[in-house]
Amino acid sequence: MPHVDTSARACLLTSTDTDPGGTWAALRQTADAHLVVRYRLPAAADPVAYVDTLVQLRCSTVVTTGKEAGSAVASRLAKGKVAGVRFVVVADRPLAGAVRLSPATVSASALE
């Protein structure tokens, strides 16, 4: 019998391989409640299509770090909200439709 994966996922979308704020470490601490996965936005990717792919992969929470990843989520949200998906942007500035966390306040409890 085939297995259907219905697990909720918390997905980190980064612009680069570096994570100076420790967002990945904080997100991994939430692993008891979620399956956590890390993705890096490819330079040549269509940002809206890439974020849509994360949604199709059942990312129920999409956390972003870096300017390009935040811009990808902003472009996707400009097309409308995504039912059942929470977007969290780790940035100094707010993003309409997303929860903003200051890089200085990133923690497992803040990401829950």
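Just after helix α3, Gly80 has a positive phi of about 130°. Helices here are DSSP runs of H or I with at least four residues, strands are runs of E with at least two, and both are numbered from the N terminus.

Before going on, the ground rules. This is a predicted model, in which local features need pLDDT of at least 70 and side-chain atom pairs count only at pLDDT 80 or more, while totals for chains, interfaces and linings use all residues. Residues are numbered from 1 along each chain as its sequence is written, and side-chain values use heavy atoms, with hydrogens and water left out.

Back to α3. The helix covers residues 67-78, twelve residues, and spans 16 Å from first C-alpha to last, close to the 16 Å expected at 1.5 Å a residue. That expected span is 1.5 Å times one less than the number of residues.

Which residues of α3 are buried? They are Ala69, Gly70, Ala72, Val73, Arg76 and Leu77. Buried means under 20% relative accessible area, exposed means over 50%, and partly exposed is in between, with a 1.4 Å probe and protein chains only. Viewed down the axis of α3, the buried residues fall within an arc of 155°, so they line one face of the helix; the arc is taken from the directions from the helix axis to the C-beta atoms. On the face turned away from that buried side sit the exposed residues Lys67 and Ala78. The cover over the buried residues of α3 includes β1 (9-14), α2 (47-56), β3 (59-65) and β4 (86-90).

Next, Arg76. A search of the whole structure gives one salt bridge, a term for a side-chain nitrogen of Lys or Arg within 4 Å of a carboxyl oxygen of Asp or Glu. The partners are the side chains of Arg76 and Asp52, at 2.5 Å, N to O. Arg76 is in helix α3 and Asp52 in helix α2, so the pair ties together parts 24 residues apart in sequence. Arg76 counts as buried at 12% relative accessibility, whereas Asp52 is partly exposed at 23%.

Ser15 is located in the loop between β1 and α1 and is buried, with a relative accessible area of 10%. Its side chain reaches the backbone nitrogen of Ala69 at 2.7 Å, and a polar atom of that side chain lies 3.1 Å from the backbone nitrogen of Glu68. Leaving aside neighbours within four places in sequence, Ser15 is in contact (heavy atoms within 4.5 Å) with residues including Arg40, Thr65, Gly66 and Lys67.

On to packing. A nonpolar core is a set of buried Ala, Val, Leu, Ile, Met, Phe, Trp, Tyr and Cys residues joined through side-chain atoms within 4.5 Å. The largest has 20 residues, and Leu13, Tyr39, Leu54 and Phe87 touch the most other members. At least two residues come from each of β1, β2, α2, β3, α3 and β4. The largest share, four residues, is from α3. A second, separate core of twelve residues includes Ala10, Trp24, Val36 and Val106.

Last, Thr30, in the loop between α1 (23-28) and β2 (35-40). Thr30 is buried at 2% relative accessible area, and its side chain reaches the backbone oxygen of Leu27 at 2.6 Å. Beyond residues up to four places away in sequence, Thr30 touches Val36, Ala108, Leu111 and Glu112.

How values were computed:
Polar contact = N/O pair within 3.5 Å; in protein donor to acceptor, adjacent residues only side chain to side chain.
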